Amino acid sequence: MQFHHHGYVSGEPRIQDAAGTGIDRPVELPDEIDVLIVGSGPAGMLLAAQLSQFPGVTTRVIERRDGRLVLGQADGIQPRSVETFQAFGFAERIIAEAYNIAYMNFWGPDPENPRNIIRTARTEDYAFKISEFPHLIVNQARVLDYFAEAAAYGPGRITPDYGVEFVGLTLQDDGEYPVEVRVRHTAGERAGQEQTVRARYVVGCDGARSGVREAIGRKHVGQFASHAWGVMDVLVNTDFPDWRTKCAINSAAGNILHIPREGGYLSRMYIDLGEVPENDEHRVRQTPIDEIIRRANEILHPYTLDVKQVAWHSVYEVGHRVTDKFDDVDVDQGHDPRVFLAGDACHTHSAKAGQGMNVSMQDGFNLGWKLGHVLSGLSPATLLSTYSAERQPVAQQLIDFDREWSALMARKPEEISDPQDLATYYLATAEFPSGFMTQYGPSMIVTDAAHQALAEGFPLGKRFKSVEVVRVCDGNVVHLGHHAKADGRWRIYAFADAPAAGESSALSRWAEWMLSADAPIARFTPAGADVDAVFDVKAIYQQRYEDVDIAQVPEVFLPKTGPLGLTDWEKVYAAAPSAWSEADIFAERGVSRDGVVVVVRPDQYVAGIFPLAATEELSGFLAQTFLLQHTSAAVAG
């Protein structure tokens, strides 16, 4: 963690200095807002945390509840989400309180006594094989708490406006604030009062029954499946030996997905309630908790559950639906998007694949920096059209995966030819549920694959997959990607060619160009801003840490920033194995020894790969996303 660059800090370093709208944030909901976020769920709170890094943008979050969420329904946290938490600064803390999934065990009918269940497979969790981040279980309410902290500690000082519900909206044809939103206060001194606010942009993060979605005429596409599941968080005494291990249980009496939860005692169980008749009219949702517990005991036979407390329970019917578009713009309407949908407002599915909260958070991460860029004057409004274009296909992939996983989970014993096939599917599809399969196609913010061969291990459009490197200034082994915080900046990783620092090389010539008037820093950095305010430029040398002379490193990799003009020493890395690290990022990610530039978006997805000599191509690509700023801002600091 870096701090002190704005002066000595003696308190909590996560609390950044207030700036812009965060300096004197109005208590009451203002009449004019840049971004109005409707709903304080995972998508909404991540969006708020991201926009808090853009204090020039007036952002408010309305939530009809009168306070924080106490008990969340979602709990599965995939490795990609933990990676995201790391970017927002709280991964280590949430890992410490969460349940870490180390194994997933599979149970099926005993061939000698089919009424009983036996363990059929024990599999190490997929997270160990594909990521440095774990697969966690933690209450959704705690995830929201951490994002709320990040939003409140950011320069924008964003906190939710509780006790305010969305009533409706009207889109105007023009004007500075084209979205007119009607809200109603549901708590406090103004309870019952209605208010009209005007916004530049509105984001509906208001769940499966989204009022924002209805207001812009978007429709859920898909149907409910005819299968119901009971879910309960319980404290029990039991003789089931895998009570503290995640399990998929199949028996003659039905199926259970069992997930231990944080704290060492609590567990969540999804219990198969069977097929739902067409004329049921959702009566299955009234299934009493005693019946859910009875079915759980029947499925677990010969083991038993003695339930001491039910913390929460519900019944749901599996549904797989995606909204027809994630913004308010149809083809050829002649304007850029003004209203967006995120999270359950635009995709719903079963809970058993553990994807809902995870995909929702990535919706918010994708949209947040784009809104920040546009409203800060860094990028044209056309950038916002990439949100629906990128996230809608991801939601459809989620629905397809969840439909297959749910069908496998709901099978009867006689429909299973191989007791190992569910475990095989679980491991074979690991990249998707881990959150790492998402790949955005070519667009104004993702190049084509012309130079992919220069860095094969950083697939274009996929999230930047980190590797350990050695930080030259102090010799510490760090993950290169972990230095990228969710601060709205783009990362430009310059992988050096063979010559050492201080020698003439392709990297030294590229570094000199990066500080010229024709380069992206000068063209796209606002006047008076730090040299790395928009582009965080880092160097990775092929040599051992011991052989990189930091005094010979080009100036662009040692920028002077902040009001004191302090040198940032933490942008120079060594890749070669040494006494400090056995990793070699060039070898592990197939990076060309001739050198290469890898450009990464603020949401950690690889945007472009360029030869060191392709300076015009790099500048041209970024010119699609950024607006020309005052060139006098070129290299402040």
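In which segment is H4 found? H4 lies in the segment before strand 1 (32-38). Strands here are DSSP runs of E with at least two residues, helices are DSSP runs of H or I with at least four residues, and both are numbered from the N terminus. The model is predicted, so local features need pLDDT of at least 70 and side-chain atom pairs count only at pLDDT 80 or more, while totals for chains, interfaces and linings use all residues. Residues are numbered from 1 along each chain as its sequence is written, and side-chain values use heavy atoms, with hydrogens and water left out.

We start with the backbone. Most residues other than glycine have a negative phi, and most peptide bonds are trans. H4 is not a glycine, yet its phi is positive, at about 80°. H4 is partly exposed, with a relative accessible area of 32%. On this scale buried means under 20% relative accessible area, exposed means over 50%, and partly exposed is in between, using a 1.4 Å probe and protein chains only. Q604, another residue other than glycine, has a positive phi near 80°. Q604 sits in the loop between strand 26 (596-600) and strand 27 (606-610). With a relative accessible area of 8%, Q604 is buried. A further backbone feature is the cis peptide bond that joins H301 and P302, where omega is about 20°. P302 belongs to the loop between helix 7 (289-300) and strand 16 (305-323).

Helix 7 also holds D290. D290 is exposed, with a relative accessible area of 60%. Along the chain, D290 and V307 are 17 residues apart, and their C-alpha atoms are separated by 10.0 Å.

Next comes strand 1, which contains I37. Is I37 buried or exposed? The relative accessible area of I37 is 0%, so I37 is buried. Not counting residues up to four places away in sequence, I37 touches G44, L47, A48, L51, T59, R60, V61, I62, V203 and C205. Contact means heavy atoms within 4.5 Å. The C-alpha atoms of I37 and N100 are separated by 32 Å, and these two residues are 63 places apart along the chain.

T58 is in the loop between helix 1 and strand 2 (59-63). T58 is partly exposed, at a relative accessible area of 24%. Leaving aside neighbours within four places in sequence, T58 is in contact with T21, E32, I33, D34 and V35.

C205 is buried, with a relative accessible area of 9%, whereas C473 is partly exposed at 31%.

Now to the helices. Two packed helices are described by the angle between their axes and the distance between the axes. Axes are lines fitted to C-alpha atoms, for helices over the stretch in contact, and angles run from 0 to 180 degrees between N-to-C directions. Helix 1 (residues 42-51) packs with helix 5 (residues 140-153) at an angle of about 20°, and their axes are 8 Å apart. Helix 1 is therefore roughly parallel to helix 5. Angles under 35 degrees count as roughly parallel, over 145 as roughly antiparallel, 65 to 115 as roughly perpendicular, and the rest as oblique. Helix 1 supplies P42, M45, L46, A48 and A49 to the contact, and helix 5 supplies Q140, L144, F147, A148, A150 and A151. By class, this contact has 10 nonpolar, one polar and no charged residues. Ala, Val, Leu, Ile, Met, Phe, Trp, Tyr, Cys and Pro count as nonpolar, Asp, Glu, Lys and Arg as charged, and the others, Gly among them, as polar.

Helix 2 (residues 79-88) and helix 8 (residues 356-375) have axes that come within 10 Å and cross at roughly 40°. Helix 2 is therefore oblique to helix 8. R80, S81, T84, F85 and F88 of helix 2 make the contact with N358, M361, Q362 and F365 of helix 8. This contact has four nonpolar, four polar and one charged residues.
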